[in-house]
Amino acid sequence: MNKEITFGKESQNKILEGIDITSNAVGGTIGPKGRNVYVDHATQPKWTNDGATIATNVVLKDQLQNIGAKLVKNACGQTNDDAGDGTTTTAVLVQAIAHEALKRPENAMEIRESLLEAGTQVVKEIKARSESIDEKDIKKVTLISAENDELATAISEIISKVGKDAVITVEDAYDGKISYDLIEGYEANVGFMSPAFINQDKRAQCVMTDVPVFVTDKKISAIGDIEPLWTKFQRKGVTSCVIVCDDIENAVLGVFVKNKLMGTFNALVIRATGDLLKDIEAATGATRVSDTTGLTFQMIEDKHLGYCKKVISDSNKSLFIPKDPSKAITYSNHLQKIADDEPNMYIKERLNKRISQLRGGIAVLKIGAPDFEREYLKDKADDAIKASKSALEEGIVEGGGLTLWRIAQNMVPKTIGEHILKKALTAPFKKIVENAGKDYSEVLLNIEDNIGFNAKTSEFVNMKEKGIIDPAKVERCAVENAVSNVAQFITGFCSITDLIEDERRNK
């Protein structure tokens, strides 16, 4: 394909247009009176105010503009991965910082370095303003993200019962109610080996129910290694299996993918090594094929397989809900004895974390509502769960965009980066006020040291006392990711993109 090379201001301005289009689409949702965006999809269209979802779905025809859309998408995605919330704030900051940075006359590399340094200072200020929060007060955080009292109550109850490390999955319910169940399960920080295993497109997950689990710490080098197992499955009419292995040859992985796509055998392959593989073995009730156990591929029987009611896997993690959790408990008790006698605090801490995961409870949050509303509430539930955990990790700060606004007001800028951020950090609060239909300059007249603007009621109140708070981690990640992405953008003097028109002419 031929390429088009664009230099200087023409390139930057087009990319900035893409940033504006995407950030405007996302920014219109910020705050309690922000509105929703309709996202079209062949099978699952929906209304949402989730910043990451909106940004992900923005694809622009103009190649340079689409670079700007991708920049916002990347920044929002990083914040979503880091903190699970704050994607809308990130998009608004990206737009504001980009505009302010491009106004500067200094050398782009000089601006970049100063901007990154100023961003570090803002992050320090966010941490200084942070206050710890107890699990009993977590509903204040969940309510901001969930925008639904029943949903916020359910999530806060789960965390109070299971703890801040609770693994919470969100499922559909068809009784019109919001409820939850606490079950025993294990979450591993490893995901599927190929996206071809995905069977839940919306959440990019592979979900399998009532499935056997085969575990080995040997490399599966040829299809002959697992042929005895495959033969047993065929004889018994078993058409699905989860395979957890230390390593697998690409050709063998390809066979599993091909069979899945053809519908002849539904496999999910997960790669795990060392202690993690042993923990998955215990959690699922399997006996691994290994030199240690003396079990070979040819010797495998039904009793050596683990069995799970459900396995949910994505690209980063896998959740195992076993039919019989007794082996996991027995193994965790064994590890506890080792941990109790371990003198090395680092090793002891790692053992205790493994023990906690093996004994950990899993909460299944069930959301019932009409189709469009149910999808909307599931997105809000995901945000609220992640925001709650972020708040417990790094504490909370004043919400409603006011933490960043107050940091900006207190700045006495001396450097290029400080001048940029002093203006840009006010953007989220300004957008929240505008989305509430109020005049920003008039609202500022009533803001005091301990008094902020409640955009939901249009009242001027003590924000923390009214429960209008944000996780400090969310604010921190929003600033870090917005600054880092814009810092890269402003250094570009040239863009190389596919020449789409040329390609169409040749067809």
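A residue counts as buried under 20% relative accessible area, as exposed over 50%, and as partly exposed in between. With that in hand, let's walk through this predicted model, starting with its aromatic rings.

A pair of aromatic rings is described by the distance of the centres and the angle of the planes. Rings of Phe, Tyr and Trp pair if their centres lie within 6.5 Å, and planes under 30 degrees apart count as stacked, over 60 as edge-to-face and the rest as tilted. By this rule there are 9 aromatic pairs. One of them joins Y38 and W47: their ring centres are 5.1 Å apart and their planes stand at 55°, so this pair is tilted. Y38 has a relative accessibility of 38%, so it is partly exposed. W47, at 44%, is partly exposed as well.

Now turn to F214 and F297, whose ring centres lie 6.3 Å apart with the planes at 40°, so this pair is tilted too. F214 sits in strand β7 (residues 206–220), while F297 belongs to the loop between α10 (274–284) and β10 (306–313), so the pair ties together parts that are 83 residues apart in sequence. Here F214 is buried, with 1% relative accessible area, and F297 is buried at 9%.

Elsewhere, W230, F233, F256 and F265 are linked into a cluster by ring pairs.

Finally, have a look at helix α18, which runs over residues 472–489. Helix α18 is mostly covered, with 15 of its 18 residues buried.

Note on methods: Residues numbered from 1 in each chain as written. Predicted model: local features only at pLDDT ≥ 70, side-chain atom pairs only at ≥ 80, totals over all residues. Heavy atoms only, no water. Phe/Tyr/Trp six-rings, centres within 6.5 Å; stacked < 30°, edge-to-face > 60°. Buried < 20%, exposed > 50% of the residue type's maximum accessible area, 1.4 Å probe, protein only. Helix = DSSP H or I, 4+ residues; strand = E, 2+ residues; numbered from the N terminus. Expected span 1.5 Å × (residues − 1).
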